[in-house]
Amino acid sequence: MESLGGVGTVLGCSAGIAMGVLVFSAYKLGLLYQLFHKTETKSPRHGGESVAAVLRAHGVKYLFTLVGGHISPILVACEKVGIRVVDTRHEATAVFAADAVARLSGTVGVAAVTAGPGLTNTVTAVKNAQMAESPLLLMGGAAGTLLQGRGALQDIDQMSLFKPLCKFCASIRTIREIVPTVRKALAIAQSGTPGPVFIEFPIDTLYPYHLVSKEFGVKNPPKGLMGKVVSWYLNNHLMNLFAGAWETRDVSPLPVDIPQATDDQVQKCIELVSRAKKPVILLGSQATLPPTPADDIRKTLENLGIPCFLGGMSRGMLGKDSPIHIRQNRRDALKEADLVLLAGTVCDFRLSYGRVLNRRSKIIAINRDKTQLLKNSDMFWKPTIAIQGDAGSFLVRLSKGLKGHRCPEEWPQTLKAGDVTKEKGNRAKADEKTEHHLNPLKVLHCVDELMAEDSIIVADGGDFVGSAAYIMRPRGPMRWLDPGAFGTLGVGGGFALGAKLCRPESEVWIVYGDGSLGYSVAEFDTFTRHKTPVIAVVGNDACWSQISREQVPILGSNVACGLAFTDYHIVTDGYGGKGYLIGREDEDRLSDIIRQAQRETREGKATLLNVLIGKTNFREGSISV
């Protein structure tokens with residue numbers, strides 16, 4: 001009897017396991033879901049409509065793309081709901097443009113590209129967005145759900161490429177997943193430390209049922225039992241793909257999580273700042289992120305009266321001529337400071353890994369990302385107070401807590417006097433004659449004097465752009481765009497496109513080196529087609545000068561550094577814009593030519609100033625502080 005009881009137990013366990021396997025299989029095959037949710041085989045709707053509905057509900061105005069059959073339903077649906085679809089000449093440009101929109105609008109920038117090479121072409125731009133902490137949604141096409149890994153056209157393991165680059169990656173497996181997945185991705189992109197997210201859309205999740213069934217349905221099934229099993233499996237897969245696809249779903253934005261400093265942390269910082277005699281603020285791009293408006297940050301800094309060094313997107317935060325904005329001699333100021341506030345600024349190569357900070361200084365560091373907050377603090381510097389939180393909100397609370405306290409005026413006045421002296425010296429260098437062509441410093445000073453007060457400056461280059469960072473002065477907050485910590489070349493066309501769409505009334509200037517121009521000169525076709533007139537000034541010295549400056553004296557060769565004095569102005573004309581060649585013989589007319597280019601741009605034509613420049617000994621540091 002005992003043995004029979006044991007057998008019964010075994011049989012009961014086996015039956016339970018078998019039942020569990022059956023239930024799990026039914027779940028994975030979608031059989032349980034299909035019992036309660038209908039598949040509308042006659043519906044003409046497609047997955048692209050679900051994507052468009054979520055984007056519209058989140059206030060997305062622009063979708064950047066380079067067209068491909070995998071993603072056509074997304075593009076068409078977005079156009080129908082009023083989202084402007086802007087196609088570029090390279091996929092990287094589409095992502096760079098979305099990055100610029102994210103920075104300037106405070107929303108998520110969105111790009112969609114086709115499968116395989118379309119997505120691989122975006123990798124550099126996505127990595128740049130990750131390091132610049134830009135909230136960005138990249139949508140990519142993919143091979144059909146049943147064809148992935150089977151040698152379909154442009155089928156690669158896309159998820160493995162983007163998981164190291166993105167905060168969130170998802171591959172859509174059924175149409176009913178689209179709405180919740182896109183909502184989740186958009187919230188994650190903006191939460192915590194902002195960054196890119198990626199969603200892969202297999203082609204059969206985007207097209208209507210009748211087309212998918214025709215393409216992926218069973219046409220000539222094998223005979224016999226195996227044929228019936230295969231036919232059943234494929235038909236069930238198709239039905240599950242569309243089951244519940246068009247049921248009403250919530251498309252509204254999910255809450256965004258932004259880390260904040262605690263009241264106790266803010267109070268400790270108030271006490272430190274109130275005792276400081278020589279405080280300095282280093283403001284990074286992160287301070288410009290939502291939810292605090294840039295104008296509120298500006299007023300806060302002015303109320304504090306603490307001298308500020310501005311880097312990245314925070315350039316221009318204090319306008320053109322603020323008495324507390326210090327542009328020069330940063331290393332000397334940091335040596336003398338008794339308190340340094342790193343507001344979204346990271347101790348990486350741009351601050352010599354923290355070695356420029358005085359070990360006797362009190363250091364307050366605030367950053368949304370814990371890794372960036374404490375970068376290199378195990379070696380070269382130690383924060384007095386380290387806060388994982390939003391820099392902009394923290395500054396506002398700090399100012400309110402100080403209740404009218406201002407930094408002693410003689411300190412910023414001393415630093416500003418050093419600024420004036422250094423800039424006079426730089427201006428004198430601009431008046432020197434170069435051996436050949438025009439002095440690039442003079443060209444940049446001229447552009448800075450003539451550009452409109454509402455101008456946005458896009459920095460894309462090395463040597464020429466490095467000089468521009470010390471000469472050209474953004475007139476207000478959110479009027480400077482550079483790649484950020486990754487130092488990527490090629491951002492110019494995309495950044496300018498996104499900036500002009502966000503601020504159509506503003507002059508948008510791209511400052512190019514002649515090397516970096518090669519990456520996106522074809523986007524002058526995009527500027528023409530999409531009526532987004534920008535102005536580009538190219539420092540053409542026929543050389544990768546930033547590399548040549550060190551390669552030649554160290555290694556004795558200029559190999560691979562030489563370019564040609566190419567007729568970029570003629571290329572611009574060919575793309576429907578207006579190009580100008582400016583050489584030494586035009587020096588006296590330089591201002592007139594710039595004004596003419598500005599008039600052309602106001603009349604709707606993208607323009608390019610191909611300026612032949614000579615060599616100078618002006619050499620400053622990184623542009624992305």
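## A tour of packed helices, cores and loops

Helices are DSSP runs of H or I with at least four residues, strands are runs of E with at least two, and both are numbered from the N terminus.

The model is a predicted one: local features need pLDDT of at least 70 and side-chain atom pairs count only at pLDDT 80 or more, whereas totals for chains, interfaces and linings use all residues. Residues are numbered from 1 along each chain as its sequence is written, and side-chain values use heavy atoms, with hydrogens and water left out.

**Stop 1: α10 and α11**

Select residues 209-216 for α10 and 224-242 for α11; their axes come within 11 Å and cross at roughly 160°. The axes are lines fitted to C-alpha atoms, for helices over the stretch in contact, and angles run from 0 to 180 degrees between N-to-C directions. The two helices are therefore roughly antiparallel. The cut-offs are under 35 degrees for roughly parallel, over 145 for roughly antiparallel and 65 to 115 for roughly perpendicular, with the rest oblique.

Next, display the side chains of Tyr209, Val212 and Ser213 in α10, which meet Leu238, Met239, Leu241 and Phe242 in α11; contact means heavy atoms within 4.5 Å. By class, this contact has 6 nonpolar residues, 1 polar and no charged. Here Ala, Val, Leu, Ile, Met, Phe, Trp, Tyr, Cys and Pro count as nonpolar, Asp, Glu, Lys and Arg as charged, and the others, Gly among them, as polar.

**Stop 2: α5 and α20**

Move to residues 91-105 (α5) and 492-502 (α20), which pack at an angle of about 45° with their axes 7 Å apart. That angle makes α5 oblique to α20. The crossing of α5 with α20 is right-handed. Residues of α5 in the contact include Phe96, Ala100 and Leu104, and those of α20 include Phe495, Leu497 and Cys502. The contact comprises 9 nonpolar, 5 polar and 2 charged residues.

**Stop 3: the nonpolar cores**

Which residues touch the most other members of the largest nonpolar core? Select Phe64, Leu138, Leu283, Leu301, Leu342 and Phe394, out of 103 residues in that core. The largest share, 9 residues, is contributed by α5. A nonpolar core is a set of buried Ala, Val, Leu, Ile, Met, Phe, Trp, Tyr and Cys residues joined through side-chain atoms within 4.5 Å. Buried means under 20% relative accessible area, exposed over 50%, and partly exposed in between, with a 1.4 Å probe and protein chains only.

Centre the view on Leu301: residues up to four places away in sequence aside, Leu301 touches Ile281, Leu283, Ile306, Cys308, Met317, Leu318, Ile324 and Leu395. Apart from this core lies another, of 38 residues, including Val60, Phe168, Ala170 and Trp246.

**Stop 4**

Glu423 lies in α17, residues 410-430, and is partly exposed at a relative accessible area of 28%. Beyond four places in sequence, Glu423 touches Arg327 and Gln328.

Continue to His437 in the loop between α17 and α18. His437 has a positive phi of about 60° although it is not a glycine, and its relative accessible area of 24% makes it partly exposed.

Now select α18 (residues 440-450) and α19 (residues 463-471), which pack at about 45° with axes 10 Å apart. These helices are therefore oblique to each other. Pro440, Leu441, Leu444, His445 and Asp448 of α18 make the contact with Phe464, Ser467, Ala468 and Ile471 of α19. The contact divides into 6 nonpolar, 2 polar and 1 charged residues.

**Stop 5: the loop between α19 and β13**

Met478 is found in this loop, with a phi near 60°, a positive value in a residue other than glycine. Is Met478 buried or exposed? Met478 is buried, with a relative accessible area of 9%.

Arg479 lies in the loop between α19 and β13 (480-481) and counts as buried at 17% relative accessibility. Its contacts beyond four places in sequence are Glu453, Asp454, Ser455, Ile456, Ile457, Pro474, Arg503 and Ser506. Arg479 and Ser314 are 165 residues apart in sequence and 8.6 Å apart in space, C-alpha to C-alpha.

**Stop 6: a cis peptide bond**

Finally, select Pro290 and Pro291: the peptide bond from Pro290 to Pro291 is cis, with omega near 20°. Pro291 is in the loop between β7 (279-283) and α13 (294-304).

Notes: A crossing is left-handed if the near helix is turned anticlockwise from the far one by less than a right angle, and right-handed if clockwise.
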